[in-house]
Amino acid sequence: MTVASVSEVLAIHGGSPVRKTLLPYARQSIDESDIQAVVETLRSDWLTTGPKIAEFEEAMAAWVGAKYAVSFSSGTAALHAAAFASGLQPGDEAITSPLTFAATANCVLYQGATPVFADVLEDTLTLDPDLVATRITPRTKAILPVDYAGHPADLDSFLQLADHHGLIVIEDACHALGAEYRGRRLGSVAHMTVFSFHPVKHLTTGEGGMVTTDNPLFAETLHRFRNHGINIDARQRQRAGHWHYEMVLLGFNYRLTDMACALGLQQIKKLEANLSRRRQIAARYSAEFRFMAGTVPPRTRMDVNPAWHLYPIRLDLAKLAADRGKVFQALRAENVGVNVHYIPVHHHPYYRDRFGYIGGEYPVAEAAYERLISLPMFHSMTDGDVDDVVRALDKVLAHFEK
Ligand SMILES: *Cc1c(COP(=O)(O)O)cnc(C)c1O
């Protein structure tokens with residue numbers, strides 16, 4: 001241990017932490033205009049199936065540049081609906097990434113179909129199109145790429161495969177609202193694009209989700225699916241002045257409330273500023289970490305502009321006398337709220353037991369998982385917060401450097 005490091009005793013070893021209070025890895029921003037909008041809706045006639053739903057959907061469709069946007073009670077419900085609309089059923093397969101939140105693969109299981117994994121690309125940790133091509137069988141119906149951390153997946157390659165094999169591309173863009181792929185905002189590039197409005201995401205409605213699409217048939221099915229499979233909603237019935245409706249498919253109650261949509265309508269106004277702040281923070285992090293021993297910052301391809309839901313670094317374990325768990329605990333002790341995204345889906349007991357995964361099937365995702373740490377990334381982080389993260393990482397990695 002060098003003399004200089006005496007003053008830099010890690011908090012995990014009893015030293016004083018870089019921050020006095022915990023900086024979370026993500027958090028929502030709610031201002032007075034958000035609160036007012038929700039309160040106004042609470043005083044209105046419609047708490048659900050009211051006018052705010054269509055207003056929010058139209059605003060989202062316009063913002064992402066898609067013809068249709070259909071809201072849901074969560075991103076997971078939106079994924080389920082997209083899986084349904086794509087026609088997935090028992091006996092079918094859908095190919096997705098193992099390095100994602102379990103909901104991406106679970107939505108395939110909800111339809112009684114089988115999720116098939118393909119490994120990710122080493123640089124962006126998004127689904128590898130060449131490996132997807134090797135997993136296509138006559139039973140394959142859909143591909144579900146994930147825009148990991150907010151970096152768009154290689155969508156054109158998946159669309160080409162889909163064209164060739166008659167498949168549907170459902171993009172899990174829950175990390176990537178506002179990201180651009182080859183000059184276009186995500187939302188109408190894939191056949192269906194799924195967003196989440198959980199509080200850690202770019203825009204929040206508490207819980208909530210959305211599917212955007214240019215396809216009117218998908219949009220109609222998505223509408224019905226979220227409302228019990230009924231072909232007309234309560235407000236339309238009231239306007240039409242009659243009681244009759246028909247249930248035409250087996251749907252769910254996956255509706256988002258008017259309070260939630262009122263909040264979403266305010267939040268969407270702040271999306272541009274939110275995205276530019278995240279991009280600023282990412283640029284600052286990347287500049288700092290470029291030459292910091294022991295870490296590899298996330299890589300960005302030339303043809304995209306990521307939305308930076310996460311800022312995941314990969315540790316260079318060959319240069320460190322500690323594993324990811326140790327570095328993680330040391331950073332937490334410095335009051336930097338790091339996280340890990342994700343435990344590969346096929347490592348979860350449910351998937352192991354049901355499909356017989358033993359580990360080792362997807363080496364790129366698995367090797368990345370051993371090294372990944374998500375640093376704090378949210379739009380209301382101050383420059384001081386960013387400094388703290390940089391200082392804490394520098395302190396911890398310097399300590400463990402071989
Ligand atoms: C957040 C998230 C979801 C699920 O969204 P919820 O709104 O929490 O249901 C699905 N996939 C990914 C990749 C996510 O990050």
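**Two domains**

The model you are looking at is predicted, so treat it as a computed picture. The domain assignment divides the chain into domain 1 (3–27 + 271–400) and domain 2 (32–268). Between the C-alpha centres of domain 1 and domain 2 there are 28 Å. Where the two touch, domain 1 brings 40 residues to the contact and domain 2 brings 42 residues.

| Pocket | Volume | Lining by class |
|---|---|---|
| Largest pocket | About 420 Å³ | five nonpolar, eight polar, eight charged residues |
| Second largest pocket | About 330 Å³ | eight nonpolar, ten polar, three charged residues |

Start with the largest pocket, which holds about 420 Å³ of space. It is lined by 21 residues, and those closest to its centre are Glu57, His223, Arg226, Asp233 and Gln236. Helix H2 (51–64), helix H7 (216–225) and helix H8 (234–240) are the elements that each give two or more residues to this lining.

Now move to the second largest pocket, with about 330 Å³ of space. Its lining also takes in 21 residues, and Phe101, Cys174, Ser196, Lys201 and Tyr342 are the closest to its centre. At least two lining residues come from each of helix H3 (75–85) and helix H4 (103–110). H3 gives the largest share of the lining of this pocket, three residues.

Strand E8 covers residues 192–196, and five of its five residues are buried. Both of its faces are covered: Met192, Val194 and Ser196 are buried on one side, and Thr193 and Phe195 are buried on the other.

E8 pairs with two strands described here. With strand E5 (residues 168–172) the pairing is parallel, over three bridges, and Ile170 stands opposite Met192 of E8. With strand E9 (residues 209–213) the pairing is antiparallel, over four bridges. In that pairing, Val194 has Val211 of E9 as its bridge partner.

**A three-stranded open sheet**

Elsewhere, three strands make an open sheet in the order E7-E6-E11, with antiparallel pairing. Strand E7 (184–185) and strand E11 (304–305) are at the edges with a single partner strand each, so one side of each has no neighbour in the sheet. Strand E6 (residues 180–181) is joined to E11 by two bridges in the antiparallel sense, and Tyr181 stands opposite Val304 in E11.

Is His309 buried or exposed? Its relative accessibility is 2%, and buried means under 20%, so His309 counts as buried.

Which residues is His309 in contact with, leaving aside its neighbours within four places in sequence? They are Ala149, Gly150, His175, Val200, Lys201, His202, Arg278 and Met377.

Terms used
Residues numbered from 1 in each chain as written. Predicted model: local features only at pLDDT ≥ 70, side-chain atom pairs only at ≥ 80, totals over all residues. Heavy atoms only, no water. Pairing = 2+ DSSP bridges. Buried < 20%, exposed > 50% of the residue type's maximum accessible area, 1.4 Å probe, protein only. 1 Å grid on protein atoms, 1.4 Å probe; cavity = no way out; pocket = protein on both sides within 12 Å on 5 of 7 lines; lining within 4 Å. Points joined across faces, edges and corners; volume = space filled by probe spheres on them. Nonpolar A, V, L, I, M, F, W, Y, C, P; charged D, E, K, R; others polar. Domains from an automatic or database assignment. Contact = heavy atoms within 4.5 Å.
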